[in-house]
Each structure stands twice: as C-alpha cells, then as structure tokens.
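Subject: Structure handover

Hello,

Here is the structure I promised to pass on, with some notes to go with it. Please have a look at it first and then read on.

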Amino acid sequence: MKKTKQQIAEALHGSWREVLLFELKSCLHFYRLYEEAFKECDQKIERSLMKHAPQTSISELEEKSMRQSKKKSSKNAPEFNVPRIAYQYFKTDLLAISGISYGTVLCLLTTMGKDLHRFPTAKSFAS
C-alpha cells in the first residue's frame, strides 16, 4: 500500500456534504413511507379476500401440511397468510405445486375467483 494507516483511516471517515446527507435522509423517509403504504394495501387486500372467502373449516392435518410447505415467501410477498386464504377458496394447496408462488396464487384468485374446479383436468387448467 502506498498510503499510511493514518491516511487510510481518514479516508474511511469521509467528508459528508450537507446536500448528500439531506438526500440520503429524504430517500430513507420515502422508503419508509412506501413501506407503510404497502402494509396498508396488504391489509386492505386481506380484509377484502377474507370478506368474500368461503367459510370452510380446515382440519389439523391440512393445516400441518400447509405449514410444512417448503415454499419461501419473497421479500415482496404480502404479509398475510396466503396459503390459508387460497385453501379456503380453492380447497387445494396450490403452493405445493412447484413453480407456483404467492403472487401466482393471488393472480389466479383475482382473475378466476373461487371456481378452480371448473376445469375437467389439470392439463386443461394449465393451458
């Protein structure tokens, strides 16, 4: 290294300009604002889905199989329990299918409603 330890230590402290600190603070504020807006939106979606969900009971065995699912939610997945709501609507654990994510299940739910069983075969559903 060409610099001394003292020079390297001084370089790590940096020189913070007032304008850059303001921009960083503003970006953090907007990030938190958007985060709150997404949480509020998720809550509204959950309330709406639960309002129209068929009242079906889920057995302990079915509940356990949904919890054992290896499917990980992404950082952008809603904060509510998508597998449980999807099971109430479809009476099937769609997340057990590889390639099906939380977003895909919600998309199916919003476009098709609760009548997933109107397809005679899995092939006709996939097409």
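What is the relative accessible area of Asp115? Asp115 has a relative accessible area of 41%, so it is partly exposed (buried means under 20%, exposed over 50% and partly exposed in between, with a 1.4 Å probe and protein chains only). Asp115 sits in the loop between H5 and helix H6 (122-126). Its C-alpha is 7.1 Å from that of Phe90, although 25 residues separate Asp115 and Phe90 in sequence.

Before the rest, a word on the source. This is a predicted model, in which local features need pLDDT of at least 70 and side-chain atom pairs count only at pLDDT 80 or more, while totals for chains, interfaces and linings use all residues. Residues are numbered from 1 along each chain as its sequence is written, and side-chain values use heavy atoms, with hydrogens and water left out.

The chain as a whole

The chain has six helices and zero strands, running α-α-α-α-α-α from the N terminus. Helices (H or I, at least four residues) and strands (E, at least two) are DSSP runs, numbered from the N terminus. Of its 127 residues, 22% count as buried. The chain exposes about 10700 Å², and 58% of this is supplied by carbon and sulfur atoms; these areas come from the Shrake-Rupley method with a 1.4 Å probe, and for residues only the protein chains shown count as cover. Among contacts (heavy atoms within 4.5 Å) with a separation of 6 or more, 60% join residues 24 or more positions apart.

Helix H2

Together with Phe30, Leu33 and Phe38, Tyr34 forms a nonpolar patch on the surface with about 480 Å² of accessible area. Patches are made of residues with over 30% relative accessible area and no salt bridge; like charges are joined within 9 Å, and nonpolar side chains (Val, Leu, Ile, Met, Phe, Trp, Tyr) within 5 Å.

Asp42 is also in H2, but at 18% relative accessibility it counts as buried. Asp42 has no salt bridge, and Lys39, the nearest side chain of opposite charge, is 9.0 Å away. A salt bridge is a side-chain nitrogen of Lys or Arg within 4 Å of a carboxyl oxygen of Asp or Glu; Lys and Arg count as positive and Asp and Glu as negative, with His and the chain ends not counted. Leaving aside residues up to four places away in sequence, Asp42 touches Pro78, Glu79 and Phe80. A polar atom of the Asp42 side chain lies 3.4 Å from the backbone nitrogen of Glu79.

H4 (residues 82-90) is largely enclosed by the rest of the structure, because eight of its nine residues are buried. Among them are Val82, Ile85, Tyr87 and Phe90. At the N-terminal end, Asn81 caps H4, with a side-chain oxygen 3.3 Å from the backbone nitrogen of Arg84. Just after H4, Lys91 takes a positive phi of about 60°.

Leu94 is in the loop between H4 and helix H5 (102-112), and its 6% relative accessibility means that Leu94 counts as buried. Leu94 and Thr104 are ten residues apart in sequence, with their C-alpha atoms 9.4 Å apart.

How values were computed. A polar contact is a pair of N or O atoms within 3.5 Å; within protein, one must be able to donate a hydrogen and the other to accept it, and residues adjacent in sequence count only if both atoms are side-chain atoms.
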